[in-house]
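Me: I am new to this structure. Please take one part and look at it closely, in short sentences.

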Amino acid sequence: MLKDIITANQLSLVISQAAAPAFLLGAVASFLSVLVTHMSRILDRSRAITDSADDPKTRERKTQLPELRLRAILVIRAIYWAVGSGITTCVLMIVAFASAYIGARHEPAAAVLFTLSLCLFTASLVSFAREVRIALNQNELAAEKSDASNGRS
């Protein structure tokens, strides 16, 4: 049966327990902003390489396109995992408040949803870490090539 009024104690309990998911949701939103910005930079670099004139330097840069494509795929995966984490966190908060309204226990579902949300966020971080590792390796190789060509001059 639906209760007509949520008691102050029920509402207070749910609000206090919604603090952790709210912080997680804020972290996910901030991380998504970072991921989208990172994705834009990868796409801009790919377009710049693709659209540039055909000269020896451009041919050398075009060898970076497969790595840029892989990096973009990893960032897209990270975005999807982070969005999934955000959606799961929102569902968690909805379930908590709906459960309080009907007077049901929300803790078991909250535990499962919070764990799922953290797992999705972790998957997003892992995917982003893989992309960063590739980017750092790419930069190290470029620096080594630059050092080698400057040493010959």
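Reply:

Ile15 is found in helix H1. Helices (H or I, at least four residues) are DSSP runs, numbered from the N terminus. The model is predicted: local features need pLDDT of at least 70, side-chain atom pairs count only at pLDDT 80 or more, and totals for chains, interfaces and linings use all residues. Residues are numbered from 1 along each chain as its sequence is written, and side-chain values use heavy atoms, leaving out hydrogens and water.

Start with the helix packing. H1 covers residues 8–17, and H2 covers residues 19–51. They pack at an angle of about 35°, with their axes 4 Å apart. Axes are lines fitted to C-alpha atoms, for helices over the stretch in contact; angles run from 0 to 180 degrees between N-to-C directions.

Now the contact itself. Ile15, Ser16 and Gln17 in H1 meet Ala19, Ala20 and Pro21 in H2. Contact means heavy atoms within 4.5 Å. The residues of this contact divide into four nonpolar, two polar and no charged. Ala, Val, Leu, Ile, Met, Phe, Trp, Tyr, Cys and Pro count as nonpolar; Asp, Glu, Lys and Arg count as charged; the others, Gly among them, are polar.

Ile15 is partly exposed, with a relative accessible area of 49%. Buried means under 20%, exposed over 50%, and partly exposed in between (1.4 Å probe, protein chains only).

Leu11, Ile15 and Phe97 make a nonpolar patch of about 240 Å². Patch residues have over 30% relative accessible area and no salt bridge; like charges are joined within 9 Å, nonpolar side chains (Val, Leu, Ile, Met, Phe, Trp, Tyr) within 5 Å. A salt bridge is a side-chain nitrogen of Lys or Arg within 4 Å of a carboxyl oxygen of Asp or Glu. Accessible areas come from the Shrake-Rupley method with a 1.4 Å probe; for residues, only the protein chains shown count as cover.

Definitions and conventions
Helix = DSSP H or I, 4+ residues; strand = E, 2+ residues; numbered from the N terminus.
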